[in-house]
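My entries follow in the order in which I made them.

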Amino acid sequence: MTEPTSSSSSECSLPVIHSIKDCEVCGLPAHGKHYGAISCRACAAFFRRYGTSGHVKPCKTDGNCVVHKKGWFNCKKCRLEKCKNVGMRIDDFQFGRDPGRVQRGFLENIPPSMATFLGRPNFIIYCAPAHDPDYTPPRVIIDVQFLLDKAEDVLLEGSWSPIFALNPLEKLALGLQHIRSQVGKGMKAFNKIGKEEALTLFEDEMLRTAKWLTYFEDFQRLPQKLQLDMLKGIFKVWVRLDKLHLTARGRRQSLCERWQVMAHINKEQVLCDLSKLELDISWCSRYTVEQLSFFNDPNAESRGEKVVQMMIDLNPTDVELAFMMCQLSFNYVGKRFQGVILDVSDRILDSISNHLHDYYVRRLNMPQYCKRVAQMMKINNHIQQDVIIERSKNELLSVFDVYYADYSHDIFRTV
């Protein structure tokens, strides 16, 4: 009877199975091998997010951060470096996990359609106006250099400052009062937006935001070019909050009704009924507003009414509104542009938080103010979410080449 063969000889032909161990990055239990290293899902997701862009703030300790406990990092820069040091590589990113034959089978079985062939959704294809197939709409370039020069002049000119010492947020509140005091008392209907109205809005919004920022000493100390770069990213979100506050105030004073919004344009007080607003985009697109309604967010109006009611309920003071404008503007521009602008924005946000605390405790004798701050942040978060949704929509419109008008400077990057 033959003896059974030694187990050692048979085991040599079996694959070696590695046991799952701790994450090589953070030390928590690992879930497998990701991008070339044994890691947990959290570190894998972190490297997936920042591995290609590298958009993280510089290390405050020049690369000497200490991990106090497993799974905890206080510095994204050092965490990213740790990921790379343990062997994570961006060339190991898997954008398609299905086997090649499955992918090929999937692609071969895509039903043929005009949308697939032309690379446009059916809605855009079949609602497009008839035109000569050999005709290509001319690219319209709108030169905004003159506007940027005017905005730079406003920033250089500065603003009138009170002699007595004020909390910086109080100075910003005073600046907002001064800007609004120059608006006439009458009410003008605003029922149509075409090329002239759109460019007028664009100019007025940027210059009013620039004027308000001149009341902010921390901002005025920045280099001139940095001020202008940040203004380009700030003015659209700043104006959103300004219009929201004007509309909420108008509702409280019974100056406007539901689905109506108020704004200040060229030192005039205007009222716009959204249900009757006429839009003319023929100067920048060959499609009509009705045809492009396919891209509209069906919940936009209800979200807008909800945030107006939140502002009515909050009824912020001018100082609280100044804080909201700063928090919304610099938080948004910092995240959007990163780098130096992010560092400057973080410092400004820390500063205004301290000034708000001083305002509540010293001016209002109200040490328990957390609930009001939470309400303010909720409104700002709603506005930021709407901006993100609108930016995604604009990117989609750009993919389908809906608009043939462009600007000489990338000012609309924020929306």
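**Entry 1: the nonpolar cores**

I began with Trp212, which touches Leu172, Gly175, Leu176, Ile179, Trp238, Ala322, Met325 and Cys326, leaving aside residues up to four places away in sequence. I took contact to mean heavy atoms within 4.5 Å. The model is predicted, so I note the limits: local features need pLDDT of at least 70, side-chain atom pairs count only at pLDDT 80 or more, and totals for chains, interfaces and linings use all residues. Residues are numbered from 1 along each chain as its sequence is written, and side-chain values use heavy atoms, with hydrogens and water left out.

Next I looked up the largest nonpolar core, which has 77 residues. Trp212, Met230, Leu231, Leu241, Phe330, Met376 and Ile379 have the most contacts inside this core. Helix α11 gives the largest share of the core, 12 residues. A nonpolar core here is a set of buried Ala, Val, Leu, Ile, Met, Phe, Trp, Tyr and Cys residues joined through side-chain atoms within 4.5 Å. Buried means under 20% relative accessible area, exposed over 50%, and partly exposed in between (1.4 Å probe, protein chains only). In soluble globular proteins, nonpolar side chains tend to be buried together.

**Entry 2: the whole chain**

I noted 16 helices and nine strands in the protein. These are DSSP runs, numbered from the N terminus: helices are H or I with at least four residues, strands are E with at least two. Of the 415 residues, 41% count as buried. Among contacts with a separation of 6 or more, 73% join residues 24 or more positions apart.

**Entry 3: the largest cavity**

How many cavities of 30 Å³ or more does the structure hold? I found one, and the volume of the largest cavity is about 40 Å³. The search ran on a 1 Å grid over the protein atoms alone: a cavity is a set of points where a 1.4 Å probe fits but cannot get out, a pocket is an open set with protein on both sides within 12 Å along at least five of seven lines, and lining residues have an atom within 4 Å of a point. Grid points are joined across faces, edges and corners, and a volume is the space filled by probe spheres set on the points.

The lining of the largest cavity consists of Leu176, Ile179, Arg180, Val183, Arg208, Trp238, Asp242 and His264. I sorted the lining into four nonpolar, one polar and three charged residues. For this sorting, Ala, Val, Leu, Ile, Met, Phe, Trp, Tyr, Cys and Pro count as nonpolar, Asp, Glu, Lys and Arg as charged, and the others, Gly among them, as polar.

**Entry 4: the second largest pocket**

The second largest pocket holds about 400 Å³ of space. It is lined by 18 residues, and Tyr50, His55, Val56, Lys57 and Lys76 are the closest to its centre. The lining takes at least two residues from each of α2 (41-50), α3 (76-85) and α15 (339-363). By class, I have seven nonpolar, five polar and six charged residues. Domain 1 (32-97) and domain 2 (144-413) each give at least three residues to this lining; the domain bounds come from an automatic or database domain assignment.

**Entry 5: single residues**

His34 sits in strand β1 (residues 32-34). His34 counts as buried because its relative accessible area is 19%. Leaving aside residues up to four places away in sequence, His34 touches Ser39, Cys40, Ala44 and Met88.

Tyr35 lies in the loop between β1 and β2 (37-39). Its phi is near 55°, a positive value in a residue other than glycine. Is Tyr35 buried or exposed? Its relative accessibility is 15%, so Tyr35 counts as buried.

Gly36 is in the loop between β1 and β2. Gly36 and Val86 are 50 residues apart in sequence, with 8.3 Å from C-alpha to C-alpha.

Ser254, not a glycine, also has a positive phi, of about 60°. Ser254 is in the loop between α11 (224-252) and β6 (260-265). Ser254 counts as exposed because its relative accessibility is 65%.
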